[in-house]
Amino acid sequence: YRRAEVGGARPTNLGRPRTMPAVNAEQSRHILSAFQDVRAGMPLRRAWKKYRAAGGASDPRAKGRPMSYNAFRRMLANRRYTGLWAFGRKRNVWSNKRDGVRQIEQPDTEIIVVASEELRIVDDETFEAVQAILASRKQGSRAPKRIREEIRLVDLTTELFLCTACRERFYQAGSDGRSMRCKNGDLCPRKGIVRRQESVRAVCCKLAELIQRDQDLVAATMERSVAVDGVGDSALVSQLEIVKRQIAQRHAKFTDLADLAGQGSDEERVALKALIRTTQAELASLTAEKVRLERLIASQQRLTPELARKILDDLHDLLVSAAKGELGEPAVYRALGIVKALTGGQIEVHFQARAGRKQTVVWATFELQLLGAISHEAGIATDAQLPATPVEVWLRPPPKLDQLAERVHQLIDIERRSYRAAAKVLQAEGHQVNSGNVWTIYKRYYQMMGLPVPKRPYNNGHPRGDG
């Protein structure tokens, strides 16, 4: 609806023209279409998406935010669209305690109900049919959410997962919050949902595997870093020796000046005292610099290859325990910090549809930052440089049917093997399949390619029993 000025009416107490509600022709068309779509049997979420795509407006109180699904359901239950309006349901009352106005519900006798055909958008029959549909799909009362006493790693790491299409963080979803999905939900162009526990376990297992694999590379990098740091240590030692020599020179100078004290004219004695004070100040400054350099050299800690290996072994065991869900509360927060340091605090999730299937395949990518995690764990900064390694890990891998499709196509169409011979080759490669499975996988390959399955001769042209 929109405001329409009432012609000839007296102004309001603020001197503004009086207005009354009027139908907004453009928006009323979208609202009526939404009611008709729901009545015709369209799912509520699909009708909501269609309403938003067509340019349907949200409540002005939403401050520019697009209409949500729950607001769409409330819109479908708004009886004002039938032209039935109620006035005086609440009255403003001044509250001295709050120093402001509050609204108080009024009894039914004070409410004025007006039926106006000018304000009607939806006919009564369509409105009541939609209310029946909403009532049939209404969810009952829900029990209060269970408060988990234990702290789990999966509950802390959900925010690290990022949708690559919307660049939005993932939020809990599904039954009992066991899954997660993009913040935009059904409006995400890569709409999908994935299990949280399995995803975190897959990431932790992959991180543990990479730590075990890259220990030699990290050790070699740390050896180069120690050599570079050794150059810095020798520079500090050289600087300390220079300061010590300067202190010895100032001591000798101060001794010589002390021997001359009390001799000469008054002007010479005044100049001598000033020179002694200057020498004392220089000596104090050099002594403070000597103490600073000695403390710096004594407290200097370096990441050695041995320490790096020890930390990596510890991190490997921690991540393996995290993947099994065996961590207590103190270790969970430590594991969270390690996962953030290793992944840079960002794990991008990719969804890809499977040809001819509703289920999607999901994988995650992140950049492995081993040295950053080691430095975080040890609490020691390092100048060693190791480029971040891009890593991929399956969160929902494709089934064996899709994984072996390309290989079966090569065995049947290119190498011209029989189905039984192709099955023996796959069995030798570690796959438990038979000739019937090979035929199914062969058909799946052409389904994925969007092509008809070619007609092959009996046993792919081989004699009976061959293979």
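This is a predicted model: local features need pLDDT of at least 70, side-chain atom pairs count only at pLDDT 80 or more; totals for chains, interfaces and linings use all residues.
Helix α13 comprises residues 405-414 and helix α14 residues 419-428; their axes lie 10 Å apart and pack at an angle of about 135°. Because angles over 145 degrees count as roughly antiparallel and those of 65 to 115 as roughly perpendicular, the arrangement of α13 and α14 is classed as oblique. The crossing of these two helices is right-handed. On the α13 side, the contact is formed by R407, V408, L411 and I412, and on the α14 side by Y419, A422, V425 and L426. In terms of residue class, the α13 and α14 contact contains seven nonpolar residues, one charged residue and no polar residue.

Helix α14 also packs against helix α15, which covers residues 435-449; here the axes come within 8 Å and cross at roughly 95°. The angle falls in the range of 65 to 115 degrees, and α14 and α15 are therefore roughly perpendicular to each other. Residues Y419, R420, A422, A423 and L426 of α14 meet S435, V438, W439 and Y442 of α15. The contact of α14 with α15 is made up of seven nonpolar residues, one polar residue and one charged residue. Y419, A422 and L426 of α14 take part in the contact with α13 and also in the contact with α15.

The cysteines were considered next. A search of the whole structure returned zero disulfides. For C182, the closest cysteine sulfur belongs to C166 and lies 3.9 Å away, which is too far for a bond, given that a disulfide requires sulfur atoms within 2.5 Å. C182 is buried, because its relative accessibility is 6% and the buried class covers values under 20%. For C204, the closest cysteine sulfur is that of C205, at 7.0 Å, and this separation is likewise too far for a bond. C204 is also buried, its relative accessible area being 1%.

A further feature concerns R201, which is located in helix α6, residues 196-213. With a relative accessibility of 33%, R201 is classed as partly exposed. R201 and A322 are separated by 121 residues in sequence, whereas their C-alpha atoms are 7.4 Å apart in space.

Note on methods:
Residues are numbered from 1 along each chain as its sequence is written. Side-chain values use heavy atoms; hydrogens and water are left out. Axes are lines fitted to C-alpha atoms, for helices over the stretch in contact, and angles run from 0 to 180 degrees between N-to-C directions. Helices (H or I, at least four residues) and strands (E, at least two) are DSSP runs, numbered from the N terminus. Angles under 35 degrees count as roughly parallel, over 145 as roughly antiparallel, 65 to 115 as roughly perpendicular and the rest as oblique. A crossing is left-handed if the near helix is turned anticlockwise from the far one by less than a right angle, and right-handed if clockwise. Contact means heavy atoms within 4.5 Å. Ala, Val, Leu, Ile, Met, Phe, Trp, Tyr, Cys and Pro count as nonpolar, Asp, Glu, Lys and Arg as charged, and the others, Gly among them, as polar. Buried means under 20% relative accessible area, exposed over 50%, partly exposed in between (1.4 Å probe, protein chains only).
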